[in-house]
Amino acid sequence: MTDTRVLIVDDSHSIRRVVHNTLIGLGLTRVMTESNGTGALERLIFVDVDLIIVNWRVTGAKFMKKLHGNEGMTNLPVIVMVGHPEESDIKEAMESGVAGFIVKPFTGERLVSAAGKALNMTFA
């Protein structure tokens, strides 16, 4: 489990920190952060990850299209975070192939559940 590599993408430093600390608390030691989709895509050129957790308003469908357009990243699980979900956001996210959807503010338990489902893992 500690070898699982996670990339968090959100424009809010505090959200990145909360998600990062929650994952570290689960025993994940390879947790990285980026503040935007461009930085995330650039990082993914050089670093393999097992899971991406993104803010839909920051990245959106454009990020998903670019991500899935890269060889080797088409099946990479992505969990979407959104603060004020609109039905169109949920529909667009699900159609773009995300593995999960969580609404801010969310509990650590909800994040753990979504990450576990996306990775087919159980966290203690």
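Predicted model: local features only at pLDDT ≥ 70, side-chain atom pairs only at ≥ 80, totals over all residues.
The crossing of the two helices is left-handed.

On the α3 side, the contact is made by Trp56, Arg57 and Ala61. On the α4 side, Asp89, Glu92 and Ala93 take part. Sorted by type, the residues of this contact comprise three nonpolar and three charged ones, with no polar residue.

## The sheet

Strands of a sheet pair through backbone hydrogen bonds, and the pairing can be parallel or antiparallel. In this model, five strands form an open sheet with parallel pairing, in the order β2-β1-β3-β4-β5. Strands β2 (30-34) and β5 (100-103) are at the edges; each has a single partner strand, so one side of each has no neighbour in the sheet. From one strand to the next, the twist averages 20°.

Within the sheet, β1 (residues 5-9) pairs with β3 (residues 51-55) in the parallel sense, over four bridges. In this pair, valine 6 stands opposite leucine 51 of β3.

## Helix α3 on the sheet

Helix α3 (residues 56-68) also packs on the sheet, where it touches β1, β3 and β4 (78-82). The direction of α3 makes about 135° with that of β3.

Conventions:
Residues numbered from 1 in each chain as written. Heavy atoms only, no water. Pairing = 2+ DSSP bridges. Axes fitted to C-alpha atoms, helices over the stretch in contact; angles between N-to-C directions. Contact = heavy atoms within 4.5 Å. Left-handed = near helix turned anticlockwise from the far one by under 90°. Nonpolar A, V, L, I, M, F, W, Y, C, P; charged D, E, K, R; others polar.
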